Amino acid sequence: MKLFTISLIFVFALSVAFASDLKKPKEINKAYTNQTRSYDGKPGINYWQNFSEYKIKAEIDPKTRLLSGSEIITYFNNSPDTLKNIVLKLYQDMYKKGAARNTELNPETVTNGIKLNKLIVDGNILSLNIDDKIITHQGTNLIIKLSSPLPPKSKKEIEIDWNFTIPKGTDIRIGSYGESTFFVGYWYPKVAVYDDIRGWDMISYNAEHEFYFDYSDMNVEIKVPKGFGIWATGMLQNPDEVLTDVYFKRYNESLTSDNLINIVTKQDSGKEVYKHQNGFTTFNYSAKNVSDFAFGMSDFYLWDGTSIELEPGKRVACFSAYNPASDFFTQAATMAKRSIEFFSKHMPAVIYPYPQITVFNGDGGMEFPMIVNDGQFSNTINDVYVTTHEISHMYFPFYVGTNETRYGWMDEGMAYFLPWDLQIELSQFDHRTRAAVGFSKWAGNELDIPMILPSILSRDPHLSMMSYYKPALAYEMLESALGEELFVKGLKEFILQWNGKHPTPWDFFYTFEDVVKKDLSWFWNPWFFESHIPDLAIKEVKNEKNKVSVLIENVGNLPLQIDLTLNLENGTQTKLSASTSIWESGNKEVWLDTEVKSKVKSVELLNKNIPDADASNNRSVNIN
């Protein structure tokens, strides 16, 4: 028995050997104590997650922009807790006059929010009068007091009828584009996340910070007037019922074609594309284990489709739906196809997890499971950036359910980082430069706070810096430290362990440490937990015969890759570099040396893709 106990202790010690001692708030520490999270980066033996099934029917009147819906939610409590309340997210209440929000809305975008017409829990009709204290509104949260608590390993059925007016004009995430084109997101009452870290997610939507969603199975029927098409999350379940014969044939062909199929073309204007009954068409979309559902609609949009086989038996449909005036969107479906291929085979090298992707021509850029809402921009660089960036979000936060509200850098930073090489291929522009230059200018100001602090503490413009540029550069420097092969291995392991689940930053950190079998706190602490600036300096250069040695000082204490250019007196140049791992020892100064065929005239830190807040110490001409 004594030997058995020793063995258990030894096994446990091995499992946490590479878990660095990172600062954790008490609610995160509690998760490790409760073993819902583990120090090898994997979900713990007691990990649990709640789940829902949604059956939704919606009808839209384009003339009034009124969306009327009814839904049945089956909510499964997989937690060890007995729930006395259920919290619903009513995101459309952010548009109400007087609602608290971080972004100013155009007056025409303000609505009356969402109106609940019926609320039933387990067959019991609940009072919607707040004076009866059955329901409580807190921002965009609706708290329902349960007459009978929901014990562990049980479920509740919730029925809701509601309506709201789709905001007029262009909003930051959804909108109306003219009189008959809409993109509809955050539109149905949905159960908030109840997790092992904090219980119910009670952060109200403020129009700036993004979202945290649980996983659900969705079955959605959307009824629209004849002539309208719907493109949405999931797969169309009734194409034969909604498409007339010519277009049904083209649609089916696109599902298996490697070539682009123009399903609805300019020449089809005025023709009957969609079947209807009594003047209406009902589209049925279904999706399994997704964190949200959104859709676009229009009565004049063109529709392209193609597909790609990623592995035997795995073919993904790639669609675009767009305004005939949007020239770029003639390329959108094939660009989506190339994006999926790149993400599946190169970075993060995880097969695209969904059956389709749709690029909808709306405005701005916003991601939803299997569909993105993109505007057309004035140049190819931005068109490519937005399309590839939004599609990369299919991995984060959808396949891997990160908490965007608290840790925006886990999804936005990753979605900024993942497509860099793809964007060079498609637009000849390297967004590493954009990130490095932007962060170099920003670094060191009073708002340059540690990334580990919850994103809800940040506002733009520094929210964008902390969510996009800085974390993307951190991932790039981590890849430099580990090498591409080991970095991709760590990232793949994180994705495969946490897909369909809710990881925290510490799960990310510990997964990498488990994969590389090293304590990486030398990297995590300065990049994520502390405030440092990117600033490497050339402190000294020695040139002796055919050898040159350069002393580099890390003035800013942020681990960075070193990339030196040596200008020689014979007119040639020599490169001298070192990966980020050179700072692993904790030294603030390192010597780099190489052999040269001519005397060195000057040495420079020139790589514009490596951030540097002070360029004045990047060049040396005083060579011994």
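Start with four strands, which form an open, antiparallel sheet in the order β28-β27-β30-β31. To find the edge strands, select residues 573-578 for β28 and 619-620 for β31; each of these pairs on one side only. Keep in mind as you look around that this is a predicted model.

Next, select residues 562-568, which make up strand β27. How many bridges join β27 to β28? There are six, and the two strands run antiparallel.

Now move to the largest nonpolar core, which has 193 residues. Then highlight α11, at residues 462-482. This helix gives the core its largest share, eleven residues.

Stay with Phe 528 for a moment. Which residues is Phe 528 in contact with, leaving aside its neighbours within four places in sequence? Show Trp 409, Pro 450, Met 451, Ile 452, Ala 474, Tyr 475, Phe 509 and Phe 523, and you have them.

For the last stop, go to the surface and select Leu 453, Ile 456 and Leu 457. Together they form a nonpolar patch with about 250 Å² of accessible area. Zoom in on Ile 456, in the loop between α10 (431-442) and α11. Why does Ile 456 count as partly exposed? Its relative accessible area is 32%, and partly exposed covers the range between under 20% (buried) and over 50% (exposed).

Methods. Residues numbered from 1 in each chain as written. Predicted model: local features only at pLDDT ≥ 70, side-chain atom pairs only at ≥ 80, totals over all residues. Heavy atoms only, no water. Pairing = 2+ DSSP bridges. Patch = residues over 30% accessible without salt bridge, like charges linked within 9 Å, V, L, I, M, F, W, Y side chains within 5 Å. Areas by Shrake-Rupley, 256 points an atom, 1.4 Å probe, with all protein chains shown as cover. Salt bridge = Lys/Arg side-chain N within 4 Å of Asp/Glu carboxyl O. Buried < 20%, exposed > 50% of the residue type's maximum accessible area, 1.4 Å probe, protein only. Core = buried A, V, L, I, M, F, W, Y, C linked by side-chain atoms within 4.5 Å. Contact = heavy atoms within 4.5 Å.
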